[in-house]
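Student: I have a model open and would like to learn to read its features. Where do we start?

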Amino acid sequence: MREIFFIGLMMSGLYRSLVIGLCSLAAVSAEAVPKLECFEPEHDFGEQVAKDQEIVHRFTLLNTGSEPVKILEIKDCCGVTSTVVPMTIPPGSTAVCTSVFDTRNRYGKQGKQILLVTDIKKTPYIDLRMTGTLLRAIEYSSAVVRFENLMPDGSASATISATNLLAEAVTLE
């Protein structure tokens, strides 16, 4: 009878060791992983009349992982300047990427990329975009008028029309 009790005690000790060992192994294999998400990675600013202005958008980034995420670099495309605050984002916290698009001398469809480079090994890049269409404040029926080979004492004329797309009056000089 004592032997059966002793074997039962050894088994329970062995079982306990096995359970503790498996739990330890699970804790080691459940490695901490950083993960950064942006729930609206593309901002469409629509159709706007370009008035040499800046279009500003704030992208909210959320660290859904279990480790801090560091923004190592911000790669903006032409005409865009971005900042991220804070550059190190603790787990469960947010950061804001403020992107400023300078519309001077830009017209037509626009697609601007902001690439955030992080310290996340599996997926180090976060791709953000600003898209839309910029219209000229004044549209001319003929963008270019050429008066070539004008002879002395000669004259030339051309007709163009200008359309003001702004809500306020403009002065043509």
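The dialogue below goes from strands to sheet, core, pocket and salt bridges.

Tutor: With the ground rules. This is a predicted model, where local features need pLDDT of at least 70, side-chain atom pairs count only at pLDDT 80 or more, and totals for chains, interfaces and linings use all residues. Residues are numbered from 1 along each chain as its sequence is written, and side-chain values use heavy atoms, with hydrogens and water left out.

Student: How do I read a sheet?

Tutor: Strands of a sheet pair through backbone hydrogen bonds, either parallel or antiparallel. Two strands count as paired if DSSP finds at least two bridges between them. In this model, five strands form an open sheet in the order β2-β9-β8-β4-β6, with mixed pairing. Its edge strands, β2 (42-49) and β6 (88-89), each pair on one side only.

Student: Which pairs in that order are parallel, and which antiparallel?

Tutor: β2 and β9 are parallel, over six bridges. Glu-42 has Arg-129 of β9 as its bridge partner. β8 and β9 are antiparallel, over ten bridges. There, Gln-110 is partnered by Gly-132 of β9. A hairpin of six residues links β8 to β9. Lys-70 has Thr-88 of β6 as its bridge partner.

Student: What about burial and the core?

Tutor: Buried means under 20% relative accessible area, exposed over 50%, and partly exposed in between (1.4 Å probe, protein chains only). Of the 173 residues in the chain, 25% are buried. A nonpolar core is a set of buried Ala, Val, Leu, Ile, Met, Phe, Trp, Tyr and Cys residues joined through side-chain atoms within 4.5 Å. The largest one has 22 residues; Leu-36, Leu-61, Cys-97, Ile-114, Leu-116 and Leu-128 touch the most other members. β1 (36-38), β3 (54-63), β4, β5 (80-85), β7 (94-102), β8 (108-118) and β9 (125-135) each give two or more residues to this core. β9 gives the most, with four.

Student: How is a pocket found?

Tutor: On a 1 Å grid over the protein atoms alone, a pocket is an open set of points where a 1.4 Å probe fits, with protein on both sides within 12 Å along at least five of seven lines; lining residues have an atom within 4 Å of a point. Grid points are joined across faces, edges and corners, and the volume is the space filled by probe spheres set on them. The largest pocket holds about 260 Å³. It has 13 lining residues, and Val-33, Pro-34, Ile-120, Lys-121 and Lys-122 are the closest to its centre. The lining has seven nonpolar (Ala, Val, Leu, Ile, Met, Phe, Trp, Tyr, Cys and Pro), five charged (Asp, Glu, Lys and Arg) and one polar residue (the others, Gly among them).

Student: How many salt bridges are there?

Tutor: Side chains of opposite charge can pair when their charged atoms come close. The cut-off is a side-chain nitrogen of Lys or Arg within 4 Å of a carboxyl oxygen of Asp or Glu. That rule gives three. Asp-102 and Arg-104 have their closest N and O atoms 2.5 Å apart. Arg-129 meets Asp-127 at 3.2 Å, N to O. Glu-37 meets Lys-35 at 3.7 Å, N to O.

Student: Are the residues of that last pair buried, exposed or in between?

Tutor: Glu-37 is partly exposed at 24%, and Lys-35 is partly exposed at 45%.
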